[in-house]
Amino acid sequence: MAFPRPRPARPELPRQRVQTLQCGQGAVRAARFNADGNYCLTCGSDKTLKLWNPHKGTALRTYQGHGYEVLDAAGSFDNSQICSGGADKSVALWDVTTGQVVRKYRGHAGKVNCVQFNQEATVIVSGSIDSTVRCWDCRSRRPDPIQVLDEAKDGISSVKLSAHEILTGSVDGRVRRYDLCTGQLYSDYIGSPITSVCFSKDGQCVLAASLDSTLRLLDKDTGELLGEYTGHRSTTYRLDCVLNEQDTHVGCASEDGHVYFWDLVEGSLALSLPVGQGVVQSLAFHPRLPCLLVATQGQVTLWREDTFQPEGDPS
């Protein structure tokens, strides 16, 4: 006789602050986990990029090479390279070990809001206030992009990649999804300027945050509105939205110093996390653990679930 499979553990949300990183980079514009969640990157208004072990609270390296604020960054799957975009209109490719800029891509006509590697880290995809998404070949010495996606009518605020798709959010109020296998473009009109987009972990849904203080969950294939989540404040700034590691909750940064999480299915508010004064600049959720990075002003805090015991603490 077959034993019933154990019920999955009830998902936990990060509620306790376990680390605070005083970044020393001016305002932190973005905080991002690497692919396995062991490290993170912070992007500073002082033109620097920093690599951390956020779980231990240690700074590992500082990267200098942008001419203005660094607005976004991402690590490659093997942790050997970093890509970053900044207000100097450039996209930089860095060697993690040496700290040197391997290549700099100039082609955007405005500040670069968002950058992502593809899965093999052979291509960098960047989105800019100039309304274009550009794809750069990391292995080539060509200075020009291999592809330019210019369908947006206003600035690109957010870019995410799956194995064969590019997902973009734009100030023109549209979420666009480019299917690279079929060459098709799918567009969903939200109406309010989009600040952030992301895929659900199962690849079935798209989450979009916009400046009408609403988070929306869309069916990726049909564009059907599956859920709306409100209660946070988002009217002015480019704020991140996230899904937790189990796809059970959606979360969003807020201009009131909180991070909000809602039950994905029920739409009910599950957690209002007071993280600091002023605007929550950036959010990143760990790929496998109930662990959250939050950037407010010049610092980044790491949050874990209530049952988490920091190393060295008596159990």
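Predicted model: local features only at pLDDT ≥ 70, side-chain atom pairs only at ≥ 80, totals over all residues.
Strand β16 gives the most to the lining of the largest cavity, with 3 residues.

**The cavity**

- The structure holds 1 cavity of 30 Å³ or more.
- About 60 Å³ of space lies in the largest cavity.
- Its lining is made up of L167, V175, R176, R177, Y186, D188, V206, L218, D219 and K220.
- At least two lining residues come from each of β16 (174-179), β17 (184-189) and β20 (214-219).

**The largest pocket**

- The largest pocket holds about 1,200 Å³ of space.
- It is lined by 40 residues, and the closest to its centre are F33, Q116, K160, L161 and F285.
- Two or more lining residues come from each of these elements: β2 (28-33), β6 (70-75), β10 (112-117), β14 (156-161), β18 (194-199), β22 and β26.

**Nonpolar cores**

- In soluble globular proteins, nonpolar side chains tend to be buried together.
- The largest nonpolar core here has 16 residues, and those touching the most other members are V259, F261, L283, L292 and V294.
- Two or more residues of this core come from each of β24 (258-263), β25 (269-274), β26 (280-285) and β27 (291-296).
- Strand β26 supplies the largest share of this core, 3 residues.
- Leaving aside residues up to four places away in sequence, V259 touches C252, L271, S272, L273, V275, V280, L283, L292 and V294.
- Another core lies apart from this one and has 14 residues, including C198, L207, L215 and L217.

**Two loop residues**

- L239 is found in the loop between β21 (225-230) and β22 (241-243).
- Is L239 buried or exposed? L239 has a relative accessible area of 1%, so this residue counts as buried.
- Beyond residues up to four places away in sequence, L239 touches T195, S196, A209, R233, S234, A253, S254, E255, V279 and V280.
- L239 and T195 are 44 residues apart along the chain, while 5.7 Å separates their C-alpha atoms.
- G276 is found in the loop between β25 and β26.
- G276 has 31% relative accessibility, so this residue counts as partly exposed. The range for that label runs between 20% and 50%.
- G276 and A295 are 19 residues apart along the chain, and their C-alpha atoms are separated by 9.2 Å.

**Aromatic rings**

- How many aromatic pairs does a search of the whole structure find? The search finds 5.
- Y260 and W262 form a stacked pair, with 6.1 Å from centre to centre and 25 degrees between the planes.
- Both Y260 and W262 are buried.
- One aromatic cluster is formed by Y229, Y260 and W262.
- The charged end of R304 sits over the ring of F308, at 4.0 Å from the ring centre.

How values were computed. Residues numbered from 1 in each chain as written. Heavy atoms only, no water. Core = buried A, V, L, I, M, F, W, Y, C linked by side-chain atoms within 4.5 Å. Buried < 20%, exposed > 50% of the residue type's maximum accessible area, 1.4 Å probe, protein only. Helix = DSSP H or I, 4+ residues; strand = E, 2+ residues; numbered from the N terminus. Contact = heavy atoms within 4.5 Å. Phe/Tyr/Trp six-rings, centres within 6.5 Å; stacked < 30°, edge-to-face > 60°. Lys NZ or Arg CZ within 6 Å of the ring centre and 35° of its normal. 1 Å grid on protein atoms, 1.4 Å probe; cavity = no way out; pocket = protein on both sides within 12 Å on 5 of 7 lines; lining within 4 Å. Points joined across faces, edges and corners; volume = space filled by probe spheres on them.
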